[in-house]
Amino acid sequence: MANLASIALLPLAAPALVPNLGVLATPLAANAIGVVLALFATHQRDQIERERLAQASESEERLHLALEAARMGTWEWDVVADRVRQSERAANLLGLAPHEQEGGIDVLMGRVHPDDRRQVRAAIDAAVASGGQYGSEFRVALPDGTIRWMEGRGRAETDAAGRTVRMRGTRMDVTERRTAQEALSALTADLERRVASRTAELERANRALEAFSYSVSHDLRAPIRAISGFATMLEERHAAALDPDARRLLAVVLENASRAGRLIDDLLRLSRLSRQEMVRERIDMNALVREVVENVRQAEPARDVDVVVDDLPAAHGDRALLRQALENLLANAFKFTRPRARASVRVSGVSTPGAVRYTVRDDGVGFDMKYAGKLFDVFQRLHGEREFEGTGVGLAIVARIVERHGGTVTGEGRVDEGASFAFTLPAGSS
Amino acid sequence: VTIELLVVEDNAADAELIRHALARVPISVPLHVAADGEEALDFVLGRGAWAGRDAARSLRLVLLDLKLPKVHGLDVLREIKSTESTRTIPIVVLTSSRHESDVEAAYRLGANGYVVKPVEFEEFRVAVRQLGSYWLEVNEPAP
């Protein structure tokens, strides 16, 4: 930079001044003023030259300081004569003795770790051939046996014909950086290995779960069907031989076989929820809730339930799954208002920033808030089987569906004053 | 030709429940039970113990379980449906599995129906009776 500036300055200042003065001075050669002017011009030129040198040496000094601060050595290689000159630091970095500071490129190459020589040589050859940049990282085996990592950078300089005649550059010790990088990549590799092994573990667990649910669906159903089937056949074919107590006992067998069957079906439904692929779309919740209410009504046609559906914001989610969640919530609302001669159920919804929230409220038997924490657990029931039928899976299914959508579900209730269940769904991007 | 029915079922209890459910179907049809996939193929294709027998003309329905000893139900289905002389025999899968992959594979291989065995006997009996009455009484078989 400093060189460029002074080169640019010279033709503008000194040489430009002298010819101009010369033209002016020739007719006035005997004139004292001319002599003074000429002397002045010479003085001016010397002054500029001195300043230029001072500046150059100052910038060299600065460069030297900067290189020292960066612990960089410099080198210069005359490619044609194969002669290397390098700074003391550059030589020290390679563990070269002072008398080895100058020499051919082979002196340097001799210090490069044998395993890295080919790579360094290729980088140098490429820079020489292209007249471009050189850069490589390599190991150096110092005379005391230690191994250090070096980074060499440089640039080729070409003659008018485009032939590389010289390369100049820097060298620095990057062992610490290298060590840190290696530690980091070892850490990363270890982390990746652990993630892979955990993933494999999870996949194994998943497959075991799949196999389990397959075997539940297959192998557990058959004996239950056999129990209910043969008990039925016994009841039908031998009715005459059975006294009322025998028939009552058979009825208990049948009832429990059928309950076991429902449990298995519900469990399978729950396990399928986790595997089922989700298809997210925009859903008109007003239409979906109306459909579901209609279905639930048909299941209990004799009931007098006043269902109010507010204007609901649209949802973004899997239609089949959300339908199932709503079916369970509304079926529960119908079920737990059964003691009411005239029951009322209300579905409301609200849009909040980033989410939509839907609430199903009923005026049924409600529940004690001290059990609220158990509401969404599998097989948790807050009412006896005689009061309200069920396997205790319905709300667990709702929770699983809402969680898969990235939402949350909550339940509130008071004994005999009704219950309200709310779930949120993240607002859709589309 | 007397018409027949084949039940491929390794679970003896289920086989008896099927027999019981079908006993009420008005047309009384001889019912054979094959307890594994190989026996089923022998019966349908006229091989082994059933060599020389032409079942293709008399079989009106095969009720096929999937999880079977020796030869899996889907392989039984594949072989019957890819054999020229037997491919028109109606085969309804009657199984405990409602796995999507099983249902899809069965239809791809040419199953004429897929029924998941209800756990509760009463529902099971209704389902089997409907199957029997549809395929043995309502449906017109291939000539």
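Chain A holds eleven helices and twelve strands, where helices (H or I, at least four residues) and strands (E, at least two) are DSSP runs numbered from the N terminus. This is a predicted model, so local features need pLDDT of at least 70 and side-chain atom pairs count only at pLDDT 80 or more, while totals for chains, interfaces and linings use all residues. Residues are numbered from 1 along each chain as its sequence is written, chains are lettered from A in the order in which they are written, and side-chain values use heavy atoms, leaving out hydrogens and water.

Of the 430 residues in chain A, 35% are buried, meaning under 20% relative accessible area with a 1.4 Å probe, protein chains only. Take the chain A contacts (heavy atoms within 4.5 Å) between residues at least 6 apart in sequence: 61% of them join residues at least 24 apart.

Now over to chain B. Here you'll find an open sheet of five strands in the order E2-E1-E3-E4-E5, with parallel pairing; two strands pair if DSSP finds at least two bridges between them. Strands E2 (31-34) and E5 (113-116) of chain B sit at the edges, each pairing on one side only. On average, neighbouring strands of this sheet are turned by 20 degrees against each other, direction ignored.

Zoom in on E4 (residues 91-95) of chain B: this strand and E5(B) pair in the parallel sense over four bridges. Val93(B) stands opposite Tyr114(B) in E5(B).

Helix H1 (residues 12-22) of chain B packs on the sheet, touching E1 (4-8), E2, E3 (59-64) and E4 of chain B. Helix H5 (residues 121-138) of chain B packs on the sheet too, touching E1, E3, E4 and E5 of chain B.

Key
Buried < 20%, exposed > 50% of the residue type's maximum accessible area, 1.4 Å probe, protein only. Axes fitted to C-alpha atoms, helices over the stretch in contact; angles between N-to-C directions.
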